[in-house]
Amino acid sequence: MRGRLFNLRAVTRAAGFTLVAVAIVATAIHLGRDQAVPRPARTVVLPLADPLVREMKRCEALGMAAERDAKCEAAWAENRRRFFTYHPADSDSHATQIRNQAVSKPEGR
């Protein structure tokens, strides 16, 4: 019997190829579905009302000349103080008070 009707090796190979093809198609459909759903864009809001942010932007625009600028040195010191100071979650009112005090200070003094 040379040519059997039911060749187990051929059927197993065909089933394996079919299984791999189905897995590839399912993956393509799944990945295509994720791209079709629009996700909201993440926006970064910079608090431009904060005078420290405006001063830091000005110092950034000055470049190397900012090293000799007294206002830039003060802004960098304030930025370091804000960064390295721990503010617990319930101290939002304290941070607002500090921010209001910084805004109310006159620039020349």
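The model is predicted. The protein has four helices and zero strands. Along the sequence, the pattern reads α-α-α-α. Of the 109 residues, 10% count as buried. The accessible surface comes to about 10,100 Å². Carbon and sulfur atoms account for 61% of that surface. Contacts were also sorted by separation in sequence. Among those between residues at least 6 apart, 23% join residues at least 24 apart.

A search of the whole structure finds one disulfide. The bond is formed by C59 and C72, with the sulfur atoms 2.0 Å apart. It links distant parts of the chain, since C59 is in helix 2 and C72 is in helix 3. The two cysteines are 13 residues apart. The torsion about the S-S bond is about -105°, so the disulfide of C59 and C72 is left-handed. Both ends fall below the 20% cut-off for burial. C59 is buried because its relative accessible area is 3%. For C72 the relative accessible area is 0%, so this residue is buried as well.

Side chains of opposite charge can pair when their charged atoms come close. In this model the count comes to five salt bridges. One of them joins E55 and R58, at 2.6 Å from N to O. E55 and R58 are three residues apart in helix 2, so about one helical turn separates them. E55 counts as buried because its relative accessibility is 17%. R58 reaches 32% and therefore counts as partly exposed.

R58 also meets D69 in a salt bridge, at 2.5 Å from N to O. D69 lies in the loop between helix 2 and helix 3, whereas R58 is in helix 2, so the pair ties together parts that are 11 residues apart in sequence. In residue numbers, the loop falls between helix 2 (51-62) and helix 3 (70-84). The relative accessibility of D69 is 18%, so D69 counts as buried. The side chains of D69 and R58 also make a polar contact, at 2.5 Å. Leaving aside neighbours within four places in sequence, D69 is in contact with R58 and L62.

The side chains of R81 and E78 meet at 2.6 Å, N to O. Here too the spacing is three residues, so R81 and E78 are separated by about one helical turn. R81 counts as partly exposed because its relative accessibility is 31%. E78 has a relative accessible area of 22%, so E78 is also partly exposed. Salt bridges that share partners join D50, E78, R81 and R82 into one network.

The surface also carries a nonpolar patch. L5, F6, L8 and V11 make up this patch, which covers about 500 Å². L5 lies in the segment before helix 1 (8-36). L5 counts as exposed because its relative accessibility is 90%. The cut-off for an exposed residue is over 50%.

Conventions. Residues are numbered from 1 along each chain as its sequence is written. This is a predicted model: local features need pLDDT of at least 70, side-chain atom pairs count only at pLDDT 80 or more; totals for chains, interfaces and linings use all residues. Side-chain values use heavy atoms; hydrogens and water are left out. Buried means under 20% relative accessible area, exposed over 50%, partly exposed in between (1.4 Å probe, protein chains only). A polar contact is a pair of N or O atoms within 3.5 Å; within protein, one must be able to donate a hydrogen and the other to accept it, and residues adjacent in sequence count only if both atoms are side-chain atoms. Contact means heavy atoms within 4.5 Å. Patches are made of residues with over 30% relative accessible area and no salt bridge: like charges are joined within 9 Å, nonpolar side chains (Val, Leu, Ile, Met, Phe, Trp, Tyr) within 5 Å. Accessible areas come from the Shrake-Rupley method with a 1.4 Å probe; for residues, only the protein chains shown count as cover. A salt bridge is a side-chain nitrogen of Lys or Arg within 4 Å of a carboxyl oxygen of Asp or Glu. A disulfide is a pair of cysteine sulfur atoms within 2.5 Å.
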